[in-house]
Amino acid sequence: NYAHFMNKDAVKDADRAHVFHSWSAQELIDPLAVAGAEGSYFWDYDGNRFLDFSSALVYTNIGYQHPKVVAAIQEQAARMCTVAPGFAVDVRSEAARLIAERTPSDLDKVFFTNGGAEAVENAVRMARLHTGRPKVLAAYRSYHGATATAINLTGDARRFGNDSATAGVVHFWGPFLYRSPFHATTEAEECERALRHLEDTVVFEGPQSVAAIVLETVGGAPGVLVPPAGYLAGVREICDRHGIVFVLDEVMVGFGRTGRWFAADHWEVTPDLLTFAKGVNSGYVPLGGVAISGAIAETFARRPYPGGLTYSGHPLACAAAVATITTMAEEGIVEQSARTGAELLGPGLRALAARHPSVGEVRGLGTFWALELVRDPGTREPLVPYAAAGAANAPMAAFADACKKGGLWPLTAGNRIHIAPPCTIAPEDVARGLEILDGALSVADAHMA
Ligand code: PLP
């Protein structure tokens, strides 16, 4: 009974007293009290509605409160809320089948976790045990989660407060033409140089000590980094030549976000392990997992896998996954995401870039885009410095405030806005979001050099 919480002050007071929030200095934050959500919108206690261009943390691919997913969770709760992970149960079997049918090639077995970081932890564990090697390579400009190994794999500033330097992780630069680490001027050059750099990194680390290369198929948190044609195939080839396990982290980009079931489908590349979470059930109940190739599954056919989780394949989470995946297939939501990107978001964002000098680059696909905001389009100097906080971040904070005042909830990261609405977003809401962004970008323009 939440009757005593019917006003925002009561909700916020209890939050301030008892909830310890992620990534935050607890006394310096002022979380919005959210009263409800539906489709592409959520709202506060004062009746302000926000068009959610962040899909929560890029996970409500099917939108908030989809009635079929809500009903499936309710039905499963009535049938059987929970059961230990060691049993075979229909709902878990069906979720695994629906996922395995969609993952590339022979990734036919699924280990369920509660979220993305645990998926990455277990993928790394599987790779190390499968190869008998200790090291893992991961990219700068990446995010893989906040547990011990996953945060050490992460190639952004969130690692700085956690760096244990004991996780056997080596970082390398992936391709990113707009801010090329290789001083390349074309996609083809960027691709070729990035692959040569990765090969050199493997050779100088000692291939016999490298268990895995872990990559986001499309970099999510680092800014919707779409790999150039040939890059992922090149990484696959390096892995094959050196006996390294190729892990694609699809936690953010899986299940329709990029306009395909998995982002790997765009480049027809098959990893040995694929991690997922978020979109698998739009986060209605926590769920993640690792899809496992035949060869790696074989390693654990007669040898116990030394890992597990109390809630692995939780029935409520699996019921939400079954309903989400089935509904996405029935309602053509993956195709809708692709169409929205190609016909509405892509052209709309490029039109905004043409009008606003603070937009240095537009990139993305499906319902997954980023605008790179700059102080100077010539030098490409970011609108705010890397890992800026406080006063240094004021231009981005002002831009985000303008979005919120206009009724759009933005996802900003560093000098970028990431545009990640639900895959189900209606065309009129795309138009509305673009209009709000148009106004907010004038605020960014005003902060240029
Ligand atoms: N991997 C990627 C690519 C992610 O984007 C995220 C979260 O944003 C994670 C892993 C971690 O997932 P979780 O927060 O569910 O642990």
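**Figure 1. Surroundings of Phe-255, a buried residue of the predicted model.** In this predicted model, Phe-255 counts as buried, because 31 C-beta neighbours lie inside 10 Å, and a residue is called buried when 20 or more other C-beta atoms lie within that distance of its own. Phe-255 is placed in the loop that runs between strand E8 (245-249) and helix H9 (264-267). Although Phe-255 is not a glycine, its phi is positive, at about 60 degrees. As background to this backbone angle, most residues other than glycine have a negative phi.

**Figure 2. Surroundings of His-183, an exposed residue with a positive phi.** His-183 is found in the loop between strand E6 (169-172) and helix H7 (187-205), and its phi is positive, at about 55 degrees, although this residue is not a glycine. His-183 counts as exposed because it has 8 C-beta neighbours inside 10 Å, and 12 or fewer is the limit for that class.

**Figure 3. The shell around the ligand and helix H5.** Of the 16 residues around the ligand, the ones that come nearest are Gly-115, Gly-116, Ala-117, Gly-145 and Val-251. By class, the shell around the ligand is made up of eight nonpolar, six polar and two charged residues. Helix H5, which covers residues 116-131, gives the most to this shell, with three residues. At 1.5 Å a residue, the 16 residues of H5 should span 22 Å, and the end C-alpha atoms of the helix are 23 Å apart, which agrees. Just after H5, Gly-132 takes a positive phi of about 70 degrees.

**Figure 4. Where domain 1 and domain 2 touch.** The protein is divided into domain 1, made of 32-65 together with 332-446, and domain 2, made of 68-330. The centres of the two domains, taken over C-alpha atoms, are separated by 25 Å. Across the boundary, 28 residues of domain 1 are in contact with 27 residues of domain 2. On the side of domain 1 that touches domain 2, two or more residues each come from helix H2 (55-58), helix H12 (333-355), strand E11 (359-365), strand E12 (368-376) and strand E16 (416-419). H12 supplies the largest share of that side, five residues. Sorted by class, the side of domain 1 that touches domain 2 holds 14 nonpolar, nine polar and five charged residues.

**Figure 5. Helix H12 and its kink at Gly-341.** H12 has a kink of about 45 degrees that is centred on Gly-341. The buried residues of H12 are Ile-333, Val-334, Gln-336, Ser-337, Ala-338, Thr-340, Gly-341, Leu-345, Gly-348 and Leu-349. These buried residues of H12 pack against helix H11 (315-330), E11, E12, E16 and helix H14 (427-446).

**Figure 6. Leu-137 in strand E5.** Leu-137 is found in strand E5, which covers residues 135-139, and this residue is buried because 25 other C-beta atoms lie within 10 Å. Once its neighbours within four places in sequence are left aside, Leu-137 is in contact with Val-170, Phe-172, Thr-201, Val-210 and Ile-213. Asp-106 is 31 residues from Leu-137 in sequence, and the two are 23 Å apart in space, C-alpha to C-alpha.

**Figure 7. Glu-298 in helix H10.** Glu-298 has its place in helix H10, residues 294-299, and it counts as exposed because it has 12 C-beta neighbours inside 10 Å. Although Glu-298 and His-130 are 168 residues apart in sequence, they are 9.3 Å apart in space, C-alpha to C-alpha.

**Figure 8. Ala-35 in strand E1.** Ala-35 lies in strand E1, residues 34-38, and it counts as partly exposed because it has 17 C-beta neighbours inside 10 Å. With neighbours within four places in sequence left aside, Ala-35 is in contact with Trp-43, Asp-44 and Tyr-45. The C-alpha atoms of Ala-35 and Tyr-45 are separated by 5.5 Å, and the two residues are 10 residues apart along the chain.

Notes:
Residues numbered from 1 in each chain as written. Predicted model: local features only at pLDDT ≥ 70, side-chain atom pairs only at ≥ 80, totals over all residues. Domains from an automatic or database assignment. Contact = placed C-beta atoms within 7 Å. Helix = DSSP H or I, 4+ residues; strand = E, 2+ residues; numbered from the N terminus. Nonpolar A, V, L, I, M, F, W, Y, C, P; charged D, E, K, R; others polar. Bend = angle between axes of the 7 residues up to and from the residue. Near = placed C-beta within 6 Å. Expected span 1.5 Å × (residues − 1).
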